[in-house]
Amino acid sequence: MTGRSIALVGSGGSSGRTLAIVEAALRTRLGDIAVRFIDTQPFNLRTGGRTAYDGDGDVRVASMAAAGLRRYTGSWSTNMLLNGGPMMTRRLARHARDLLGGRHDGMIMCHDRIYIETALIGAARASGTPTVLVQEGPFCAIGSPAPQTWRLRAKAALAPIVTATGLLPVMPDYGCAGHDLITAVSDAYRARWIAAGVPAERIAVTGVPRYDRLAGLRGGASGAGDVLRLLYIVQPFAAHGKVDGQEAARLQAVLADGINRAATERPIAVTVRMHPRSGGADAAVLTGGLTGEYEVDDGAEPLEDAVMRHDLVVGHYSSGLLESVLLDRPVLCLPVAAGAFAEASEAEKQAWLVRTGVAVAETAERVATVLMGGTRGVIDRALIAEETGVVDGGAAARCAEAVAGVMG
């Protein structure tokens, strides 16, 4: 089958990897297809940068300058208003049409909740291009998150006013922008979208395409020896405004103290894995507090490869901890205090992870105990499956099958 084309919309994180996997599965199913990859990560006001993508598509990069957008603040709604409100919305719409370049047989995206993404959805709809939202992984909030900081509460209170007056476009909840298809990772997520008003016939349950590789790695040996190989997964949640900075620093100090205590009893090799959108400062408290040597992993290789080389994975509420559980690696969670989160939905991720049964440590003494004894925890596999779906190596193929149906 030839003559088909798709547009992929990447938005940082693991979205580029997910879309490349879906692209490859579509090529297997449909044969030769033309692919346009649209990178919206430069519109991320917190981090900017580019989306890592190793597919075969023709890459187009969204540009604030090309859209006539100046960055005045770190708030999207405020920035849009300062750039002209409705006029900026129209400029974004023109830029989105240029990026899309006309009609395709499908436009596939993993995220749809910043203005350039909603502009691309509008451009696709105007051109007759079906849109597909691929849920790339766990911990997706469906429905408006409950703000916990006064700034976010103020923005939430003002949002109905500025949208009703036409100053800003309405921002739909995740997955609720009228997509022709959503590929959900599990039946639990499908039920959430149905409860949010998405027609059931527009939701296919596929699993997580980028977890297909985990199915073949699961249970492999981490390596022999007396040295405990510890992998710490950095989350730049303080820099991104998700967690209070003092709480983030406190947690890293507790971890450093616990590692130092355990290291007097057994040799520990520490690897600090950076997040794709993090800088060195995001782990400075931990690395500055360690008395022994450590290695820094820049996060360029797939997380599962790093996990498989270690005996224990430590973090807070990153989805990387969930992937480590799927790979049968012991996990240690240092929970963030509930009141330190900017949004209740982030706190709920933390509470969910604790409920799965992974080992939890809130003090340096507890950290040292876990590191010396190798506490594993008793994992609730049914609860895990609600967030991951079936991990059997077939998610990408199921996703491609569902997308091909929308493409006609």
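E23 and R27 sit four places apart in helix α1 (residues 15-30), so about one helical turn separates them. The side chains of E23 and R27 meet in a salt bridge, at 3.0 Å from N to O. A salt bridge here means a side-chain nitrogen of Lys or Arg within 4 Å of a carboxyl oxygen of Asp or Glu. E23 has 2% relative accessibility and so counts as buried, while R27, at 23%, is partly exposed. As for these words, buried means under 20% relative accessible area, exposed means over 50%, and partly exposed is anything in between, with a 1.4 Å probe and protein chains only.

A quick word on the model itself. It is predicted, so local features need a pLDDT of at least 70 and side-chain atom pairs count only at pLDDT 80 or more, while totals for chains, interfaces and linings use all residues. Residues are numbered from 1 along each chain as its sequence is written, and side-chain values use heavy atoms, with hydrogens and water left out.

Back to the charges: the structure holds 19 salt bridges. One of them links R4 with D105, whose closest N and O atoms are 3.9 Å apart. R4 belongs to strand β1 (residues 4-10) and D105 to the loop between α3 (86-100) and β4 (106-109), so this pair ties together parts 101 residues apart in sequence. Both R4 and D105 are buried. Another salt bridge joins R261 to E365, with 3.2 Å between the closest N and O atoms. Here R261 comes from helix α8 (residues 245-263) and E365 from helix α13 (residues 364-373), so parts 104 residues apart in sequence are tied together. R261 is partly exposed at 36% relative accessibility, and E365 is partly exposed at 44%. There is also a network: R17, R213, E304 and D305 are joined by salt bridges that share partners.

Next come the strands. Two strands count as paired if DSSP finds at least two bridges between them. β1 and β4 pair in the parallel sense over four bridges, and L8 has I108 in β4 as its bridge partner. On its other pairing, β4 runs parallel to β5, joined by three bridges. I108 turns up again here, with V132 in β5 as its bridge partner. In β4, G106 and I108 point one way and M107 and M109 the other, and all of them are buried. β4, helix α4 (residues 115-127) and β5 make a right-handed β-α-β unit. Right-handed means that, with the strands pointing away from the viewer, the path from the first strand over the helix to the second runs clockwise.

Strand β5 (residues 131-134) also runs parallel to β6, with three bridges joining them, and L133 stands opposite I182 in β6. Both faces of β6 (residues 181-184) are covered: L181 and T183 on one side are buried, as are I182 and A184 on the other. To get from β6 to β7, the chain passes through helix α6 (residues 187-195) in a right-handed β-α-β crossover.

Leaving aside neighbours within four places in sequence, I259 is in contact (heavy atoms within 4.5 Å) with L230, I268, V270, L290, V367 and L371. The C-alpha atoms of I259 and G292 are 9.1 Å apart, with the two residues 33 apart along the chain.

Finally, helix α12 (residues 344-355) has twelve residues and reaches 16 Å from its first C-alpha to its last, close to the expected 16 Å. That expected span is 1.5 Å times one less than the number of residues. Its buried residues include W352 and L353, and the buried residues of α12 pack against α11 (319-326), β12 (331-333) and α14 (381-388). Just after α12, G357 takes a positive phi of about 100°.

Terms used: Helix = DSSP H or I, 4+ residues; strand = E, 2+ residues; numbered from the N terminus.
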